[in-house]
Amino acid sequence: MRTVLYPGSFDPVTNGHMDIIRRAAKAFDTVIVGILYNPSKPAGAFPVDVRISLLENALSGLDNVQVAAFGGLLIEAVQACGADAVIRGLRTTADVEIELQMARINHELGGVETLLMAAAPETVHISASMVREIARFGGDIAPYVPPSICKQVAALLKPL
Ligand code: ADP
């Protein structure tokens with residue numbers, strides 16, 4: 001059984017994340033989508049429990065994918081869920097720099113292997129921060145988030 005952990009903030013989950021999750025689900029027996037948060041910092045745009053429920057909704061039908069939340073170091077999350085490796089998505093050369101640094105540190109600290117998956121051309125431009133920005137100004141986020149959560153995300157971030 002090969003299990004991979006896909007960590008991130010998923011604040012909220014986007015079609016870019018979904019592409020990585022679907023492709024990872026074909027390559028591994030089990031994918032654990034892990035919301036990593038810092039318990040001593042303020043929550044992101046969405047509380048962790050809301051991010052979990054949005055992910056569960058978006059992932060329904062993907063039988064070998066689970067959702068979990070971890071409030072600590074990535075190497076602790078890997079140990080806690082028994083993952084064999086970590087997977088991350090690469091969009092730009094800026095992502096490469098950050099991801100290589102994190103991959104090296106996580107290998108040094110905990111022997112964790114990180115696999116980097118190239119973003120699909122259709123979703124390479126999508127980020128959760130861009131989705132939040134569009135929604136807060138009342139724009140259409142439908143092209144960027146899974147259809148099953150689009151209305152809820154828009155309603156939670158609607159302009160004042
Ligand atoms: P974001 O950068 O959208 O806020 P996260 O911090 O939750 O997302 O990132 C989790 C992982 O998902 C990271 O490896 C990030 O590079 C990857 N990722 C984010 N958006 C995309 C995308 N559009 N395509 C592929 N991978 C992505």
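Q: Is D11 buried or exposed?
A: D11 is buried in this predicted model. Its relative accessible area is 6%, and buried means under 20%.

Q: Which side chain does D11 meet in a salt bridge?
A: R132 meets D11 there, at 3.9 Å from N to O.

Q: Where do those two sit in the chain?
A: R132 lies in helix α5, residues 128-136. D11 lies in the loop between β1 and α1. The pair therefore ties together parts that are 121 residues apart in sequence.

Q: How many salt bridges does the structure hold?
A: Six. One of them pairs R2 with D84, the closest N and O atoms being 3.6 Å apart. R2 lies in the segment before β1, and D84 in the loop between α3 and β4, so this pair ties together parts 82 residues apart in sequence.

Q: What about D95, which residue does it form a salt bridge with?
A: R91, with the closest N and O atoms 2.9 Å apart. D95 counts as buried at 11% relative accessibility. R91 is partly exposed at 40%.

Q: Which residues do shared partners join into one network?
A: D11, R51 and R132 are joined by salt bridges that share partners.

Q: Switching topic. How many disulfides are there?
A: The count is zero.

Q: Last one: where is N106 found, and what does N106 touch?
A: N106 is in helix α4, residues 93-110. Leaving out residues up to four places away in sequence, N106 touches L74, I75, G111 and V112. N106 counts as buried, at 10% relative accessibility.

Methods: Residues are numbered from 1 along each chain as its sequence is written. This is a predicted model: local features need pLDDT of at least 70, side-chain atom pairs count only at pLDDT 80 or more; totals for chains, interfaces and linings use all residues. Side-chain values use heavy atoms; hydrogens and water are left out. A disulfide is a pair of cysteine sulfur atoms within 2.5 Å. Helices (H or I, at least four residues) and strands (E, at least two) are DSSP runs, numbered from the N terminus. Buried means under 20% relative accessible area, exposed over 50%, partly exposed in between (1.4 Å probe, protein chains only). Contact means heavy atoms within 4.5 Å. A salt bridge is a side-chain nitrogen of Lys or Arg within 4 Å of a carboxyl oxygen of Asp or Glu.
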